[in-house]
Structure formats: structure tokens, C-alpha cells
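Please open the model in the viewer and keep the selection panel at hand.

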Amino acid sequence: MKRAAAPSRLLLLSFQLLGAVLALASGLLGLAAWAASPPAEDSLPVAHFARACAALEDGDLASAARHVRALREASPEAPEGRLLEALLVLRREQPALGWLDAFIRAWHDAGRPDLGESRILPPEEFTYEHPDAEPEELLADSPEAAVLLALLKEPSARHGRLVLQHLHALGLPEFIFAADDTLQSPSVPPALRAQAARAVRARLSELTVASPRSMQYPALLLVHDSSEDAPFTAEELRGLEAVAALPDWRETDFHVLYEHSLGHFKAMDHAQPTHAAFMLAVTALATRPAYLLYKKTEASREALAPEQLRRLGEALWRIGSRLAAESTLLERMLGARMMVDGAELAGDELRAARAVALRDEWRAAANATRQAVPERWLLRGLSADYLEAKLRDEMGTMLRFLPPTQ
């Protein structure tokens, strides 16, 4: 992706969604710091909000009710007070209800307010800092930990050589995509990039055999060294159809990628292990194959014969459908884009409309979640539930913030 001459709308979408995902991680993982900093005493709504949340966390519903009333009196129009009132009712009436379930119901009951610009909720302030430790320091104990740490460092010749030398140390095959991103960075010398490209192709060939159900490895292998501005050749089109016949985009769940990384970052005493693990799991998503397929599709529109375009469209529809079946918002949106392109090339307006409707629903769910901003609430139970839910099914969690169906 970094080698593109100019950003396309699909590449920009990838970066925007990646930014949104990492912003979520920033909010969730910075909660402890927010909670540890007492609100300014001259801000009564903020103070009462923080104290109401603390009381709810402790199960002191009487104290929580007092602070909620005080918040309502200090700021009668504040939607945060309405939501806290609804949440307090649920904690009284259904104490066994999970924090995330209760929050979503309370937000709906409070009128689904837009809290994105709230001055009462804690601000989104969290900075990830690269650790002082260098990957080479970890090689003796754990080559995989060394590679994972190198993948989060700024790409360089030194880090590129380490990743290349220990490529097979990666315990989960999906990390090949994070490795490829580092190894193909312009910050890596051209000769090393060329050597790395050969190694990545060899590894992708192995993974294509080892994971015969997964589309993502043969998809990247197919276009890894092909010009993104060149139309599909007849051979590449046949290869794409073979990829489209496979049943899954990826086989490892997102939360497994996260937990695997988290174990390594905790073991190395990383100062921000959860944030580092989240970032690495996101970079292990195979967005580059989707981007390259999009670019080559654009180049093929005026170059291929009508029957070839129809075949390309059918292959893209199948691949996009599998990509859009994954759990993350990023994969869903990239998959929907591919489905739309596929349906249009296949001349199927009905399928194109279905894909657009799905994309619009997912975008609306993401916008609704941003309005509720559960990651900014000073409730540790909610933060933990929300992070766990997003790791296991990000899109399913976001869909719960849409208006309830009758």
C-alpha cells in the first residue's frame, strides 16, 4: 500500500478506518489514566459525572443517584445526565445485566444522544510511545517477540533485516501481512525489499498450501509483484477465479491475533501492551491484497473484453462477500466496496444495490457508536465489556447501536 503513487478512495478509506480503530483503542486503553486524574473542582457537571460513575462502579446506587441529581441540576440539558439516570434504573432493576448491555439500553432509552462533542465526558487523550527496548534484545529469549516488536517500530534497514531473518518465527500466519508492510516500506533499502519480496512470496506459497480454505494468502501471492496500474492478465484472471472458489477470507479470529500479541508484549514488560497488541492485530489484517485488487480492477475496466469483465466481476463479488463476512469494520467496508465493483462489472444492479445497502448500514452503525462513545465513559466494567465485545465481533457490537427494530 505504501508504494502507491497517489492515494485512491479505497486506500484513503483503509487509512480512515484504521485511524478510527486505533482511536477506539486509544480511548479504551486510556481509561485508567482518565479515572486516575480527578476532575477540576470548578466544573460541577464533570465532578458530579465522575462521582456518579465511581458510585455506580462500587454498587453504591444511593450515592450514584445523588450525584446524578446534582448533575441534572447543574446542567439540566446535558444528555449525559439522562443517560446516567437510565443506566441507574437498569442497575437497580436488573443488577445482573452486563455493563455493555445496560449501557446500550440506557443510551437508547435516553434518546440516543450524540455525545461525540461532550464537554463532560473525558477527552480522547492517549499517546502511544514506542518502547525504548530494541528487538535485538529479545532475540535470545524469543525470536517471535523480537519480530513482533520490530513490526511496531519505524521501518528501517535494521528492522527489515531482523524481520526477514526470522520470518518463520511468527506464530500466527496472519502476521505475514504486517511483516510484508514493514519489508516493503520505502525506508527499507531497495535490495533488501527485493530479497524480502522473494521470501514473502515463498512464505505465501507455503501458507496457501497449509491453509487451503483461506483466500487472503493466494490473493496477495497473485498480485504481490504485479503492477497495480496494469490490468489483469488472462492468467491472473484465472488465478483470481481460483481464489474466489475458496470458502473463507481468513481463518484466525481477530481476538486471537490480539491475545497472541498481548501475551508477548506483557512478557517483554511493554509499557502499553494492550495498545501495542491492538495495533499489531490491526496491521495483521490483509488490507493490501484488497487494495491491490481494487487498483488492478480500475486498470482493467477499459482494457478487458466484456466477458472477461463479467468473470472478473463474479470473482470480485465472491471474494468481497467473504471479506465482508469478517468481524471488523475495516474488512466489512473493504469487502462491500469490492462487492459493489463486482456486481457492477457483472451487470447485476440488484446485487450492487444490496451491497450498497449493507455498506450504508455498517456505516450508520459505526456513526451511531461514535455518537454513544462508550469508550469515554468512566466505567471500568463498561470499558472491559466493550473492548472484549469489539475484539470478538466489532461489527456485531456496532450494529447494536442502531435504532431497535420494531
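**Aromatic pairs**

Select phenylalanine 103 and tryptophan 377: both residues are buried. The model is a predicted one. The rings of this pair have centres 5.5 Å apart and planes at 70 degrees, so the arrangement is edge-to-face. Phenylalanine 103 belongs to helix 6 (residues 99–109), while tryptophan 377 lies in the loop between helix 18 (349–372) and helix 19 (380–399), so the pair ties together parts 274 residues apart in sequence.

The structure holds six aromatic pairs. For another of them, select phenylalanine 254 and phenylalanine 278, whose ring centres are 5.9 Å apart with planes at 70 degrees, so this pair is edge-to-face. Phenylalanine 254 lies in helix 13 and phenylalanine 278 in helix 14 (residues 273–283), so parts 24 residues apart in sequence are tied together. Both phenylalanine 254 and phenylalanine 278 are buried.

**Charges over rings**

Next, display lysine 296, whose charged end sits over the ring of phenylalanine 232, 5.4 Å from the ring centre. Then turn to arginine 351: its charged end sits over the ring of tryptophan 317, 5.0 Å from the centre of that ring.

**A helix contact**

Finally, select helix 7 (residues 143–152) and helix 13 (residues 254–267), whose axes come within 10 Å and cross at roughly 100 degrees. The two helices are therefore roughly perpendicular to each other. Which residues make the contact? Helix 7 contributes Glu144, Ala145, Leu148, Leu149 and Leu152, and helix 13 contributes His260, His264 and Phe265. By class, the contact of helix 7 with helix 13 comprises five nonpolar, two polar and one charged residues.

Technical notes: Residues numbered from 1 in each chain as written. Predicted model: local features only at pLDDT ≥ 70, side-chain atom pairs only at ≥ 80, totals over all residues. Heavy atoms only, no water. Axes fitted to C-alpha atoms, helices over the stretch in contact; angles between N-to-C directions. Helix = DSSP H or I, 4+ residues; strand = E, 2+ residues; numbered from the N terminus. Parallel < 35°, antiparallel > 145°, perpendicular 65-115°, else oblique. Contact = heavy atoms within 4.5 Å. Nonpolar A, V, L, I, M, F, W, Y, C, P; charged D, E, K, R; others polar. Phe/Tyr/Trp six-rings, centres within 6.5 Å; stacked < 30°, edge-to-face > 60°. Buried < 20%, exposed > 50% of the residue type's maximum accessible area, 1.4 Å probe, protein only. Lys NZ or Arg CZ within 6 Å of the ring centre and 35° of its normal.
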